[in-house]
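This briefing is for a reader meeting the structure for the first time. Please look over the sequence and the model before reading on.

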Amino acid sequence: MTEVSQTSTDLAVESAKQDDPEKLPKKRRKIANLKMVGSYAIKYPKQIAFAFIALVIAALATLSIPAGFKAIVDNGFIQGEGDIAPYFEALLVIALVLGLATALRFYFVSWLGERVVADIRAAVQRNLLRLSPAFFEENRPAEIASRMTADTAIIEQIVGTTVSVALRNLFVGIGGVIYLFSLAPKLTGALLLGIPLILGPVIILGRYLQNASRKSQDRVADVGTITSETLGAMKIVQAFGQERREGERFSDAVEATFSQAKRRIFLRSGLTALFIVLIFGGIVMLVWQGAEAVRAGTISGGSILAIVITSGLVAGSFGALSEVYADLVRGAGASSRLAELLAEEPDIAPPENPIALPAARGQLTFDNVTFRYPTRPEVEALKQFSLRVTPGETVAVVGPSGAGKSTLFQLAQRFYDPESGAIRVDGVPLTQADPAEIRMRMAYVPQETVLFAASARDNLRYGNWLADDDQIWAAARQANAERFLLDLPEGLDTYLGEGGARLSGGQRQRIAIARAVLRDSPILLLDEATSALDAESERLVQDALDKLMVDRTTIVIAHRLATVRSAQRIIVMDEGRIVEEGTHNALVGANGLYAKLASLQFDA
Ligand code: ATP
């Protein structure tokens with residue numbers, strides 16, 4: 001339990017920046033977190049009102065049951081005269097009202113839970129889409145995905161169950177105590193003193209159980225992680241003959257889960273025993289006291305029955321409330337983790353008054369740019385890097401692995417901001433324009449094409465969602481992708497499989513090129529694929545690229561000599577700087593780094 005609230009307060013500290021929770025006392029912080037959920041729920045006042053009314057009616061109906069039985073026993077059984085039918089009819093009506101009100105409460109409250117979770121999920125996803133890549137490097141996507149599913153499920157439980165359970169039990173509990181007092185003040189006084197005695201141990205043990213359950217959940221999560229990791233890398237596991245070790249690692253995790261589960265089961269069994277003994281023991285004591293009172297003539301038999309039923313209801317209500325508290329703590333944790341995602345601001349945001357870009361020419365300049373990745377602050381990925389690419393020009397970038405070539409593209413698309421220096425598109429510094437507008441001026445063809453588990457059409461028009469089929473086919477033709485697309489079983493409607501698994505490497509690249517054609521932007525950022533393509537496939541890809549580059553400013557990270565040879569200008573990068581620049585022939589003649597790289601490639 002302590003651990004549970006510890007975690008949630010820790011998380012609470014980091015969340016809801018606008019409230020500056022650091023300054024709030026612990027309790028207020030927790031409430032502040034659930035406030036986030038409340039702010040989503042409050043948008044549906046009608047449903048809340050219906051649920052509340054239904055809840056009050058159900059609570060009243062519940063409380064009137066013991067009164068009904070009291071009347072039956074006192075007036076029907078004991079005195080043995082008069083008509084008992086009205087009492088039973090009244091009880092039947094109560095049953096009907098209770099059933100209806102409970103159903104309505106369940107409907108509206110569950111509806112609210114689902115609605116709030118849907119809204120929160122959508123809001124979180126909307127915010128995630130704004131965030132810059134640095135955020136996803138620091139926060140594991142799997143972890144974020146789990147927040148989206150697991151944490152929202154907890155919220156759903158809070159809104160859709162816990163809160164109404166809490167209110168219902170509060171009403172029944174308090175209403176029950178008041179009714180008990182009206183029946184037998186002295187006995188109720190004694191009962192109230194007894195409640196903490198009964199509930200105390202139950203609550204304490206319950207907290208241990210909660211803690212054990214949480215640890216048990218964690219162990220189950222470990223098993224899940226290992227399973228998906230191993231299954232996802234099965235070829236590697238088998239290729240390196242690590243099956244036994246993986247098997248053992250998995251067994252260990254499974255055994256740890258079992259041990260933890262054993263502890264939980266043990267506590268749960270103990271709790272059940274304790275609960276039954278205390279509750280039934282309590283009721284027996286109560287009836288005993290009551291029976292003495294009946295014999296002494298101070299109380300009626302019906303009252304005793306009503307007291308027993310009501311005290312059962314009251315005990316049940318308080319018992320349920322203790323669980324509600326634990327749920328609320330869990331909910332506060334979940335809510336604060338989601339609030340964190342909602343409050344996260346993108347590092348890269350449009351300036352308040354973005355400068356509109358001038359008519360597109362396709363000029364791209366880097367001025368004295370120095371940059372380190374936020375996750376690797378010790379390495380300067382670019383050092384005082386300057387480059388001017390004029391409209392329509394093709395610049396090939398070569399250099400050893402880690403030289404900073406891909407970093408140029410990351411910065412050009414403003415996924416990160418440089419530490420110093422400026423990058424400009426058509427004369428406008430990136431930081432002063434809307435990133436979306438900047439990115440519209442560029443088409444990026446990555447080394448590894450990213451395809452979505454969707455149709456060929458949707459994958460192609462990722463470049464321009466408004467493109468019609470004619471435009472898509474025209475782009476496919478230009479990208480040398482028409483032939484294989486025509487051969488697909490259902491044409492553009494063909495589902496390409498997870499990550500486009502149903503296409504070959506060369507075909508995937510041509511889809512990426514077709515996307516860039518559809519995007520039709522003046523600047524082209526081309527990261528040539530290094531994956532080995534057969535000669536025919538490579539020719540098709542190269543030809544498609546050549547057509548794409550016509551009349552566009554192109555920076556190409558070149559891995560193939562074909563591109564490098566024909567480039568008007570080659571820049572050679574090493575350790576974040578330009579170390580050489582020129583044409584292929586000039587650079588070979590200079591006998592520097594380029595000549596070395598070229599001779600390596602030629603020899604290969
Ligand atoms: P390659 O040809 O192997 O793709 P590259 O020349 O494109 O290499 P970059 O990817 O630009 O090299 O990397 C430049 C430096 O920045 C390297 O030291 C690399 O380790 C580091 N780096 C690249 N991406 C990241 C990242 N997302 N987070 C942290 N460091 C990074």
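Predicted model: local features only at pLDDT ≥ 70, side-chain atom pairs only at ≥ 80, totals over all residues.

## A strand enclosed within a sheet

- β7 spans residues 523–527.
- Both of its faces are covered. Ile523, Leu525 and Asp527 are buried on one side, and Leu524 and Leu526 are buried on the other.
- In a regular strand, side chains alternate between the two faces of the sheet.

**The sheet**

- The sheet is open and has 6 strands, in the order β6-β7-β8-β3-β9-β10, with mixed pairing.
- β6 (442–445) and β10 (577–582) are at the edges; each has a single partner strand, so one side of each lacks a neighbour in the sheet.
- From one strand to the next, the twist averages 20°.

**Pairing between strands**

- Strands of a sheet pair through backbone hydrogen bonds, in either a parallel or an antiparallel sense.
- β6 and β7 are parallel and share 4 bridges. Alanine 443 has leucine 524 of β7 as its bridge partner.
- β7 and β8 are also paired in the parallel sense, over 5 bridges. Here leucine 526 has valine 556 of β8 as its bridge partner.
- β3 (residues 394–398) runs parallel to β8 (residues 553–557), and 4 bridges join the two. Valine 395 lies opposite isoleucine 555 in β8.

**Helices against the sheet**

- Helix α11 (residues 405–412) lies across β3, β6, β7, β8 and β9 (569–574), and runs at about 145° to β7.
- Helix α17 (residues 535–549) also packs on the sheet, where it touches β3, β6, β7 and β8. The direction of α17 makes about 160° with that of β7.

**A nonpolar patch on the surface**

- Which residues form the nonpolar patch on the surface? They are Ile53, Ile57, Val93 and Val97, and together they have about 310 Å² of accessible area.
- Two helices, α3 (45–78) and α4 (85–130), each supply at least two residues of this patch.
- Valine 97 is located in helix α4. With a relative accessible area of 33%, valine 97 is partly exposed.

Notes. Residues numbered from 1 in each chain as written. Heavy atoms only, no water. Patch = residues over 30% accessible without salt bridge, like charges linked within 9 Å, V, L, I, M, F, W, Y side chains within 5 Å. Areas by Shrake-Rupley, 256 points an atom, 1.4 Å probe, with all protein chains shown as cover. Salt bridge = Lys/Arg side-chain N within 4 Å of Asp/Glu carboxyl O. Buried < 20%, exposed > 50% of the residue type's maximum accessible area, 1.4 Å probe, protein only. Pairing = 2+ DSSP bridges. Axes fitted to C-alpha atoms, helices over the stretch in contact; angles between N-to-C directions. Contact = heavy atoms within 4.5 Å.
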